[in-house]
Amino acid sequence: MKTLAKALTERRFQKGWVVRQLAFEAKIDPALVSKFEKGVRRPTEENLKALALALDLPFDALRKLWLVDKIYQLLEDEKDAVEILALVESRLEYLSSHKALQMQGLSAGIQEKLKQIDTLKEEWLSKKPLAGTQLRKLQEYFMLAYTFESNRIEGNTLTLQETHLVVNEGITIGGKSMREHLEAINHAEAVAYLEQLVSDQMDYGPRVLMELHYLILKGIDRDNAGRYRSVPVRISGSAHEPPQPYLLDKLMEEYFIHYDAQKKILHPVILAAEMHERLVSIHPFIDGNGRTSRLVMNLILLKHGLTIANLKGDLDSRLAYYKALEAVQVDNNPEVFYHLVADTVIDSLRHHLELV
Ligand SMILES: Nc1ncnc2c1ncn2[C@@H]1O[C@H](COP(=O)(O)OP(=O)(O)OP(=O)(O)O)[C@@H](O)[C@H]1O
């Protein structure tokens, strides 16, 4: 990476100047300019403005390098430098999301919960990195609970214990269908894929969506796994009617444009909730929309240093989930769904913190 010293020297060479010439043009002592170029002294902001002017360089770009040098010098001897930077990053994220929230006029209740989430997240990040075995055990524990609950929403009848036997021990359960076994295995694989995406710093996009859906329906519905539907669908028991298939390409394009435009502005929890709700409302697949959308929500949460939000599959929770979705679709009121997701994120962070 380029340092300020290097940028100044390179530009002076391009101009064909000696140090004295640059010092003359910038009205700075030549000995000082020489120290700036050797990186043994940092210019003041005023020096920097004069240098940018003399060298025809954009001041903002030079100032960025100057700030990087400053932060680097501050942290270079710290053994936990990377961790400290991650904490600063999360505070800065909070700052920008907080500004965005105020612009959006979210209710005070939601803002309060988001603040609570940011505090819990800082606490969670301060516990990292976790030791290898501890991390693996935590991941296994939450992956299992998440697979169990998400499949339970969809109607899978495997218990938590049975899900464990199928996924971790490769044991089949008497009386349960092949499909139910595959749903458990596929979902566990999709969660492992989420973790891989996060560690590879892959962003959410059309390809990732298709891959997640493919993993969910793999071996169950070969024709439709990883493909948008070509027929109309209804969501049973819901007043919301998903769009006709010929509109899907355009709607999905807009969906990803929305993601790209909002990903740096919205608070990650609101972004995750929105991308979840918009996807299930478009309902682009013939089956597996709910499971895929919950995976998308969790990908966004994990990418932002949060933990898996596990929406529960018991009857009451399921009804609350459907009602919250319906409130967005029918009454254009996302508040209830934001509360539901924020509450689930808070529970998850608390649960993770209890276990470390
Ligand atoms: N108004 C609504 N009421 C109920 N569900 C809705 C509504 N709008 C969207 N959905 C979503 O549709 C999902 C069901 O769609 P689909 O059967 O394609 O998904 P699935 O993954 O197979 O099942 P599930 O989502 O139940 O796990 C629900 O889980 C929910 O996420």
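UniProt positions are given here in the numbering of this model, with feature names shortened, and such annotations may be inferred rather than shown by experiment. Residues are numbered from 1 along each chain as its sequence is written. You are looking at a predicted model, in which local features need pLDDT of at least 70 and side-chain atom pairs count only at pLDDT 80 or more, while totals for chains, interfaces and linings use all residues.

Start by selecting residues 8-62, which an unreviewed UniProt entry annotates as "domain: HTH cro/C1-type". This span is 73% helix and 0% strand, and its end C-alpha atoms lie 9 Å apart. (Helices are DSSP runs of H or I with at least four residues, strands are runs of E with at least two, and both are numbered from the N terminus.)

Now colour domain 1 (4-75) and domain 2 (102-355), whose bounds come from an automatic or database domain assignment. Their C-alpha centres lie 49 Å apart.

Next, show the ligand. Its shell holds 17 residues, the closest being E154, S238, N289, G290 and R291; a residue counts if its C-beta atom, placed from the backbone, lies within 6 Å. Helices α8, α13 (268-282), α14 and α15 (315-331) each give two or more residues to this shell.

Finally, select α8 (residues 132-154) and α14 (residues 289-303): their axes, lines fitted to C-alpha atoms over the stretch in contact, come within 9 Å and cross at roughly 145°, on a scale from 0 to 180 degrees between N-to-C directions. S150, I153 and E154 of α8 meet G290, R291 and R294 of α14, with contact defined as C-beta atoms, placed from the backbone, within 7 Å.

Definitions and conventions
Two residues are in contact if their C-beta atoms, placed from the backbone, lie within 7 Å.
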